[in-house]
Amino acid sequence: MRTKYLKYFCLAACLAAPIASASDDGDDARFATQQLREGKILPLSEILSRVEHVTGGNVLEVEAEHEDHGLVYEVYFLDPNGQRHEIYVDAATGEILKQKLDDNSDARSRD
């Protein structure tokens with residue numbers, strides 16, 4: 001149990017900087033940081049807590065994307081069979097918008 005929380009702490013710490021500075025174009029990162037500071041979106045730790053029943057705590061990666069309707073967290077995780085999935089979570093409400101098998105999961109596993 002303690003390891004699970006340590007994993008979330010490390011994940012949150014590692015992800016805090018990328019959301020602030022390491023986006024392909026930087027726009028999504030700046031937008032996410034601004035929205036978080038203004039209290040318009042939930043912090044990543046809250047999002048991960050809300051989706052743990054789906055991910056089982058096996059989160060691999062999280063990306064913040066600015067979509068037409070607002071900011072969305074894309075959460076990538078492994079299921080018990082080792083398949084990579086992604087869920088799209090509304091950053092403002094924590095609502096799961098979509099869940100699917102990651103299209104690139106086969107390509108990544110062969111690399």
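Me: Buried means under 20% relative accessible area, exposed means over 50%, and partly exposed lies in between (1.4 Å probe, protein chains only). Why is H85 called buried?

Reply: Its relative accessible area is 14%. The cut-off for buried is under 20%. H85 therefore counts as buried. A word on the source: this is a predicted model, in which local features need pLDDT of at least 70, side-chain atom pairs count only at pLDDT 80 or more, and totals for chains, interfaces and linings use all residues. Residues are numbered from 1 along each chain as its sequence is written, and side-chain values use heavy atoms, with hydrogens and water left out.

Me: Where does H85 lie, and what does H85 touch?

Reply: H85 sits in strand β3, residues 84–90. Strands (E, at least two residues) and helices (H or I, at least four) are DSSP runs, numbered from the N terminus. Leaving aside residues up to four places away in sequence, H85 touches V75, Y76, F77, D79, K100, L101 and D102. Contact here means heavy atoms within 4.5 Å.

Me: What makes the link between H85 and D79 a polar contact?

Reply: The distance between their side chains is 2.8 Å. A polar contact is a pair of N or O atoms within 3.5 Å; within protein, one must be able to donate a hydrogen and the other to accept it, and residues adjacent in sequence count only if both atoms are side-chain atoms.

Me: Why is the pair K100 and E86 called a salt bridge?

Reply: Their closest N and O atoms are 3.9 Å apart. A salt bridge needs a side-chain nitrogen of Lys or Arg within 4 Å of a carboxyl oxygen of Asp or Glu, so the pair qualifies. K100 is in strand β4 and E86 in strand β3, so the bridge ties together parts 14 residues apart in sequence. K100 has 24% relative accessibility and so counts as partly exposed. E86, at 4%, is buried.

Me: How many salt bridges does this rule give?

Reply: The count is five. One of them joins R84 and D102, N to O, at 2.5 Å. That pair links distant parts of the chain: R84 in strand β3, and D102 in the loop between β4 (96–101) and α4 (105–110), 18 residues apart. R84 and D102 are both buried.

Me: How do you know that E46 and R50 are about one helical turn apart?

Reply: They are four residues apart in helix α3, residues 44–55, which means a separation of about one helical turn. E46, at 30% relative accessibility, counts as partly exposed. R50, at 37%, also counts as partly exposed.
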